[in-house]
Amino acid sequence: MVATFSITALTVGLAAWAYAAPEDQVKPDATAVNATSLPPQAVFVDPRSFAVLGNAGAFREDAFTALFNPTNTSPPFFQVFDPAFLRLLGPGATVRAVAADPTFAFAHEAPIWVPNTDEVFFASNDGGALGRSDIDHNNQVSKISLREVQAAIKAAGHGTAAVNVSVTKLDLPDTIQMTNGGTGPFFGNLILVNSGRGPLPPSVALVNPAPPHNTTVLLDNFFGRQFNSLNDVKIRPGTNTLFFTDVTYGFLNNFRPLPQLPNQVYRLDPETRAVRVVADGFDKCNGIAFSRDGKTAFISDTGSTSGFLGNNQTRPATIYAFDVDPKTEAFKNRRVFAYVDTGIADGMQLDAEDNLYAGCEDGVHVWSPEGALLGKIFVGTTSANLVFAGDHRLVIMSETAIYFAEIAAKANKLSFP
């Protein structure tokens with residue numbers, strides 16, 4: 001259950017937080033945000049309230065299991081660190097689960113919104129917990145109808161209670177193995193990047209969203225060598241070129257052979273099928289996104305999590321920004337955009353104002369274009385990816401559940417043309 005906060009409740013919630021801060025700690029300024037301006041599901045956490053924990057402070061020791069929820073608010077809710085986040089949320093922002101299966105991680109990655117039918121397509125977990133997939137079993141691509149979601153929310157009446165709409169599995173050919181990334185539509189088709197399985201190669205493919213889901217594989221090798229396990233993909237704005245990440249997670253999750261290539265980012269011309277590397281030097285390159293104008297690329301490096309090798313918090317959990325060379329489209333001038341406080345940044349999207357949203361261990365984190373953490377859509381569990389379904393609607397993949405946020409932010413176009 002999510003509480004509605006008055007000014008008094010806000011002050012108490014911020015002061016009586018879970019880390020038992022010492023008495024001489026700087027107290028949060030409850031007047032920094034007018035509580036009446038907060039959406040009912042929002043909580044303001046003033047950074048001054050946790051800037052100093054003191055010698056007796058209860059510090060977090062594991063960024064993957066100890067989530068940062070100082071107000072002990074029940075998820076889902078909006079965790080506000082900067083008043084600028086409120087403008088992206090709007091006064092009536094809501095978030096709720098709209099599909100769930102606690103026994104199956106059916107909603108992992110590759111979210112794609114198709115405007116013509118108002119459906120969101122996505123893939124189940126490939127090789128991970130509750131994914132029902134491994135070296136002997138493929139994962140699945142499914143879809144939900146947002147028209148059905150909207151009808152279910154209307155029928156549920158006032159409040160933000162969870163609803164549970166139907167999930168429809170797609171029947172795809174055997175060339176699609178362990179889908180992990182997706183974007184589009186691209187000339188009306190879904191773009192799927194697939195991790196491969198056993199000796200079956202990773203690939204970039206076009207899939208018609210309508211039955212019988214005709215499929216065209218655009219690429220399944222780098223000059224005769226199989227990729228490791230393709231992870232994420234985007235169309236660079238203003239062009240028809242595809243950019244995708246390749247990383248060793250298939251091997252680290254026990255469904256792909258030993259890697260043959262470095263962890264790298266590639267550019268693919270879908271017409272000529274020419275492919276080349278545009279960025280390297282990563283521990284584990286993962287999510288990819290572009291600014292609205294296509295001049296800046298973002299790559300998340302998730303080196304701190306390594307499948308059967310476990311987690312290592314001294315490795316990257318970092319989003320890097322790059323300039324995109326206007327002629328070669330190589331990624332240049334690498335710099336840190338943000339470091340994630342909880343887990344890693346997996347799939348990423350930008351809104352119409354270039355704020356960056358990333359799926360992390362506790363939900364969706366939102367950064368300003370300058371890299372300031374504005375707030376979180378806190379769902380209390382891993383959210384590997386997300387997608388805007390037009391303006392004001394955000395669909396969040398949270399493994400065993402899909403969350404639906406209605407907010408003020410507008411979408412950044414992902415489709416081509």
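**Exercise 1.** List the residues that Thr296 touches, not counting residues up to four places away in sequence.

*Solution.* Contact means heavy atoms within 4.5 Å. By that criterion Thr296 touches Ala289, Phe290, Ser291, Ala321, Phe322, Val324 and Arg335. Thr296 itself belongs to strand S17 (residues 296-301); strands are DSSP runs (E, at least two residues), numbered from the N terminus. The relative accessible area of Thr296 is 17%, and buried means under 20% (1.4 Å probe, protein chains only), so Thr296 is buried.

The model is predicted: local features need pLDDT of at least 70, side-chain atom pairs count only at pLDDT 80 or more, and totals for chains, interfaces and linings use all residues. Residues are numbered from 1 along each chain as its sequence is written, and side-chain values use heavy atoms, with hydrogens and water left out.

**Exercise 2.** Give the order of the four strands in the open sheet and name the strands at its edges.

*Solution.* Two strands pair if DSSP finds at least two bridges between them. The order is S3-S26-S25-S24, with antiparallel pairing. Strands S3 (94-100) and S24 (385-388) each have a single partner strand, so they stand at the edges, one side of each lacking a neighbour in the sheet. On average, neighbouring strands are turned by 20 degrees against each other, direction ignored.

**Exercise 3.** Describe how S3 is joined to strand S26 (residues 401-406).

*Solution.* S3 and S26 run antiparallel and are joined by six bridges. Within S26, Ala405 stands opposite Val95.

Terms used: Buried means under 20% relative accessible area, exposed over 50%, partly exposed in between (1.4 Å probe, protein chains only). Axes are lines fitted to C-alpha atoms, for helices over the stretch in contact, and angles run from 0 to 180 degrees between N-to-C directions.
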